[in-house]
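Student: I have a new model open and would like to learn how to read it. Could you walk me through a few features?

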Amino acid sequence: MKRSTLFHLCMVILFIACSKSEPKSYEYWNNLVSEKYEEINALVQSVPCTDIEAFEIIKRNGYYPVHFSVRKQFDRLQVELEQLQQERNIASSREGMLSDIGPRIPNHPLRKVCDSGKAKLIYVKDLSMEEIDSELPVRYKEIKAFYKDVRCTDASQWTGHYIFSDCKMEAIAVHKTDRHEEMLERIDIYNLMKMRKAASENLNCNKTSSNSVFSIKPVECRDEKPVVIEK
């Protein structure tokens with residue numbers, strides 16, 4: 001083999017090797033993430049819904065109504081999704097991408113139903129204003145009474161959060177371990193309902209004040225009751 005031919009062959013092999021090792025872009029991984037989401041949704045929707053109790057609401061990269069018959073496949077696809085998301089995050093950091101998405105109230109499902117033969121999750125956005133008006137006072141009472149039987153003996157075990165009260169904010173103490181996630185979900189759902197109501201009534205609330213809903217405040221114990229310190 002001629003020396004020039006050998007040289008060009010080595011250059012081609014080196015180019016191929018470098019091409020294979022070149023990191024994939026954020027766009028590449030983001031497309032794969034989107035495709036995996038579509039695959040997961042297709043799997044979840046592939047089971048006809050005749051008995052909604054055969055479906056479990058699973059929280060993993062979102063909420064899904066999952067039938068027991070496809071749970072193993074669902075879990076496998078979620079692992080694959082998380083691996084792709086990790087690669088996307090690495091690419092995002094490598095490319096210096098910054099997220100401009102501000103804080104948002106998490107969106108939790110209210111219930112599961114069979115709709116046109118498919119399992120469906122109902123969210124605040126799916127409710128009518130009449131349903132929201134009827135649910136708000138009930139949910140408010142549930143939030144206020146949630147920890148009525150839990151004594152406050154160690155303030156460090158509590159944090160202060162906020163719920164909307166028209167255009168004002170009302171402080172609510174949340175225990176760090178005792179049904180913590182359940183309480184936060186109740187607060188999020190209540191706040192989303194209040195936002196829907198405010199939008200329907202064209203209430204022009206101060207945005208700076210409304211952002212207090214994302215604040216975390218300290219708590220102190222008074223007569224074994226948790227009290228949020230708002231100063």
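Predicted model: local features only at pLDDT ≥ 70, side-chain atom pairs only at ≥ 80, totals over all residues.

Student: Which elements make up the protein, and in what order do they run?

Tutor: Start with the count: six helices and eight strands. From the N terminus on, the order is α-α-β-β-α-β-β-α-β-β-α-α-β-β. Of the 231 residues, 32% count as buried.

Student: Is K194 buried or exposed?

Tutor: Buried means under 20% relative accessible area. K194 has 13% relative accessibility, so K194 counts as buried. This lysine lies in helix α5 (residues 180-200). Beyond its neighbours within four places in sequence, K194 is in contact with L136, F164, S165 and D166.

Student: How many aromatic pairs are there?

Tutor: Rings pair if their centres lie within 6.5 Å, and planes over 60 degrees apart count as edge-to-face. By this rule there are five aromatic pairs. One of them joins Y64 and F74, edge-to-face at 5.3 Å centre to centre with 70° between the planes. That pair links Y64 in strand β2 (residues 63-67) to F74 in helix α3 (residues 71-94), 10 residues apart. Both residues, Y64 and F74, are buried.

Student: Why is the pair of F146 and Y147 edge-to-face?

Tutor: Because the planes of F146 and Y147 stand at 85°, with the ring centres 4.9 Å apart. Ring pairs also link F146, Y147 and W158 into a cluster.

Student: What lies over the face of F146?

Tutor: R179 does, at 4.0 Å from the ring centre. Elsewhere, the charged end of K24 sits over the ring of Y28, 5.2 Å from its centre.

Definitions and conventions: Residues numbered from 1 in each chain as written. Heavy atoms only, no water. Helix = DSSP H or I, 4+ residues; strand = E, 2+ residues; numbered from the N terminus. Buried < 20%, exposed > 50% of the residue type's maximum accessible area, 1.4 Å probe, protein only. Contact = heavy atoms within 4.5 Å. Phe/Tyr/Trp six-rings, centres within 6.5 Å; stacked < 30°, edge-to-face > 60°. Lys NZ or Arg CZ within 6 Å of the ring centre and 35° of its normal.
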